[in-house]
Amino acid sequence: MKEIGLFLVLACFWNLENYYHPSDDPQTADEDFTPAGSYHWTYSRFNKKRDDIAKTILSIRDYYGSYPALIGFAEVENRQVLRELVEKTPLAALEYEVIHRDSPDRRGIDVGMLYRKADFRPLAVKSIPLKVHLQERDSILATRTILYVKGILYGKDSIHLFINHWPSKRGGGEVANRNRMIASNTLKHYVDSLLFIDKNAKILAMGDLNDGVESEAVSNIDNLINLAKSGAESVGAKGSYKYKESWELIDHLMVSPQMVAGKLKPQMRIFSGKLLVEDSIYLGMKPLRTYSGPRYLGGVSDHLPLLLVYPQGQ
């Protein structure tokens, strides 16, 4: 992957694929990711993954000229794994801070974010649950919440952030589709409300939506501009996730109209960095993930990061 110019990297989103701490949390079903669990998730393996995440974030500057001001993550277990990332790796020099809220996900998997203190000042944080109406009452889905953060960006602009990890297609059928639509309608409701109050609000929604650009659930977010619709490609990767021989773009960056109103337009990039290996079965390249089934591979994730960048000096 070659240098492609000078950019302001506003944001990054990355599904970290089971970024668990090796200690056992008795409140969640995380036993597989402990030293005694089925994945033999040791402290040395955790430290390697933690350090490789940090190296990848640091390397973004080598390709684009700046570090991300905002970083959204999916599949993080808790605040501790994020604190270790910003305190026990070279990321500490960049003074990133952590925002995290626990969700009702049975496996203890959450979304979270980092922000550079020099670039962003949070004003409000809210964890938005996904509610389903069953048998004349509302029930909260045992899945990841949507993390909402409002803050001041670069000392002047108010921005609203939504970090998502929608329910997966695992198991298929009506329930899986229904749950993703619940997530979609929840996000749409909050974005609609913000734009009703202020049509010029700056909004960024990012996340693993477990669906493609043209899917019903993703298309439902029609009040934001999905940057994935214009396509994005990096060296060796035509999507953020590879299933067998097919690259898919199930991770998304969506912005409000005000975010594209300036002279310099935001662009989406898939950052492959040093995260790819040869795909010996389906040919081409694929992300080097941490595990393949129970077999430890030593990679970081089965997803590639997405970047929201603004061209500079053009």
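Author: This is a predicted model. We can begin with empty space. Rolling a probe the size of a water molecule over the atoms shows where empty space is left. Here the largest pocket holds about 1500 Å³ of space.

Reader: Which residues are the closest to the centre of the largest pocket?

Author: They are Arg170, Tyr241, Arg289, Asp302 and His303, out of 47 lining residues. Elements that give two or more residues to this lining include strand E1 (7-19) and helix H3 (173-197). By class, the lining has 17 nonpolar, 12 polar and 18 charged residues.

Reader: How do I read a strand such as E10, and how many of its residues are buried?

Author: In a regular strand the side chains alternate between the two faces of the sheet. In strand E10 (residues 202-208), six of the seven residues are buried.

Reader: Which strands pair with E10?

Author: Strand E9 (residues 157-165) runs parallel to E10, joined by seven bridges; His160 has Ile203 in E10 as its bridge partner. Strand E14 (residues 251-255) pairs with E10 in the antiparallel sense over five bridges, and Leu204 has Val255 in E14 as its bridge partner.

Reader: What about backbone angles?

Author: Most residues other than glycine have a negative phi. His40 has a positive phi of about 50°, and lies in the loop between E1 and helix H1 (43-64). Glu75, in strand E2 (residues 70-76), also has a positive phi, near 60°.

Reader: Is Glu75 buried or exposed?

Author: Glu75 counts as buried because its relative accessibility is 12%, and buried means under 20%. His40, at 46%, counts as partly exposed.

Technical notes
Residues numbered from 1 in each chain as written. Predicted model: local features only at pLDDT ≥ 70, side-chain atom pairs only at ≥ 80, totals over all residues. Heavy atoms only, no water. Buried < 20%, exposed > 50% of the residue type's maximum accessible area, 1.4 Å probe, protein only. Helix = DSSP H or I, 4+ residues; strand = E, 2+ residues; numbered from the N terminus. Pairing = 2+ DSSP bridges. 1 Å grid on protein atoms, 1.4 Å probe; cavity = no way out; pocket = protein on both sides within 12 Å on 5 of 7 lines; lining within 4 Å. Points joined across faces, edges and corners; volume = space filled by probe spheres on them. Nonpolar A, V, L, I, M, F, W, Y, C, P; charged D, E, K, R; others polar.
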